[in-house]
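Thanks for coming. I will go through one structure today, starting with a term and then moving to contacts, the ligand and the rings.

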Amino acid sequence: MHPFTLERPRDLSAALAFRAQAGRNDAAAEYIAGGTDMIQLLQEDVRKPERLVSLAGVLDDGIDIGPQGLRLGASATMAEVAAHPGVVEQFPVISEALFASASPQVRNQATMGGNVLQRTRCPYFRDVGYAACNKRSPGSGCAAIGGENRWNAVFGTSDNCIAAHASDLAVALVALDASVEIRSATGQRIVPFADFHRLPGDTPHIETVLEPGEVIAAITVPAHPVARRSHYLKLRDRASFEFALVSAAVALDIDGDRIREARVALGGVGTKPWRVPKVEAALAGAGLDPEVLRKAAAHAVEGAQGRGGNTFKIELMQRAIVRAVETAGGRA
Ligand SMILES: Cc1cc2nc3c(=O)[nH]c(=O)nc-3n(C[C@H](O)[C@H](O)[C@H](O)COP(=O)(O)OP(=O)(O)OC[C@H]3O[C@@H](n4cnc5c(N)ncnc54)[C@H](O)[C@@H]3O)c2cc1C
Ligand code: SF4
């Protein structure tokens, strides 16, 4: 581990003054919240910031539900949000995505802000023994494209990076049209969650729209009829303590036995949380007949590019959508 200075600011304005930045491997200063991802990256020399700025105690940790929807303070933990009775009842897809993530110990420590900013699980990014990783060392190449890419993305990729976004929570948030409240020394801005993460393009080392000195202060989810009848399905190599190969977040508004409106997002397959609007359009007005659902799910594959080791995800994602819609549709 490279030496660094740990700053413990007394309040948010002191923390913002350090102008640290998340999600960039060339940032000289980074924030740290629960530390469950950051400590690993430091230990493995993937990140070598000169300065770490602790966000402990300086950000909101509230979980509030009102007529406008849900507001999650950036410091609320995964465990607190997953088990919150209002989230369980009114936003089940969020609770389920969190309970399907990591382990109880990690969930007790990890925060909302840190969760959506966690770095990819691409094995070449995490192992500095491999020189070629554009995300870790810009311009060095991409070992995953011609290498082991079972974990990597089939959507939103570029010739420079095919890393999948790892957060389960982020998939649920993009399905529910969440927004990110970003705070800096000069004020606040709100960014739709769907626009928060960037596609890799030719700068895969820049993962979000955050500028130096900006932090996530909160995540908001609007009230909407689809939220209550929602479900998160995660498919992985083992039943717990494992990242998604493919996941589906589905939220439905149902009128009798017909789907009035559907939201569908996929995890494990995109370089960012991946919404599939053509599937949503095909589901609108449909019944829950398996054959109809299968045809609607087939729209998900448009634009998918398998690289050998991850090509199986293209079939698997369609099956995941069908099963998740059936489960959400069966809910009262
Ligand atoms: C063994 C293990 C298994 C896991 N399995 C899963 C899984 O199945 N599914 C899943 O989704 N996740 C999984 N995770 C990842 C876990 O969810 C993240 O490590 C955790 O959510 C990160 O939160 P944190 O508060 O600890 O962030 P930290 O590690 O403190 O920070 C992560 C990043 O976020 C930045 N940051 C944190 N908060 C803010 C903020 N408010 N504003 C700006 N920048 C900020 C930091 O600078 C850093 O870049 C797993 C982790 C471990 C260790
Ligand atoms: S996919 Fe991205 S993170 Fe993985 S090796 Fe290639 S550049 Fe690095």
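First, a definition: a residue is buried under 20% relative accessible area, exposed over 50% and partly exposed in between, with a 1.4 Å probe and protein chains only. By that rule glutamate 181, at 10% relative accessibility, counts as buried.

Some ground rules. This is a predicted model, where local features need pLDDT of at least 70, side-chain atom pairs count only at pLDDT 80 or more, and totals for chains, interfaces and linings use all residues. Residues are numbered from 1 along each chain as its sequence is written, chains are lettered from A and ligands numbered from 1 in the order in which they are written, and side-chain values use heavy atoms, leaving out hydrogens and water.

Back to glutamate 181. This residue belongs to strand β6 (residues 179-184); helices (H or I, at least four residues) and strands (E, at least two) are DSSP runs, numbered from the N terminus. Its side chain makes a polar contact of 2.8 Å with the side chain of arginine 71. A polar contact is a pair of N or O atoms within 3.5 Å; within protein, one must be able to donate a hydrogen and the other to accept it, and residues adjacent in sequence count only if both atoms are side-chain atoms.

Next, the ligand. Which residues are closest to ligand 1? They are Tyr31, Gly35, Thr36, Thr111 and Asp168, out of 34 that surround ligand 1, counting residues with a heavy atom within 4 Å. At aspartate 168, an N or O atom of the side chain is 2.7 Å from a nitrogen atom of ligand 1. For tyrosine 31 a backbone N or O atom is involved, 2.4 Å from an oxygen atom of the ligand. The side chain of glutamate 30 has an N or O atom 2.9 Å from a ligand oxygen.

Last, the aromatic rings. Rings of Phe, Tyr and Trp (its six-membered ring) pair if their centres lie within 6.5 Å; planes under 30 degrees apart count as stacked, over 60 as edge-to-face and the rest as tilted. The count comes to 3 aromatic pairs. One of them joins phenylalanine 155 and tryptophan 274, with centres 5.2 Å apart and planes at 5°, so this pair is stacked. Phenylalanine 155 is buried, at 2% relative accessible area. Phenylalanine 193 and phenylalanine 196 also form a stacked pair, 6.3 Å centre to centre with 20° between the planes. Both lie in helix α10 (residues 193-196), 3 residues apart, about one turn of the helix.
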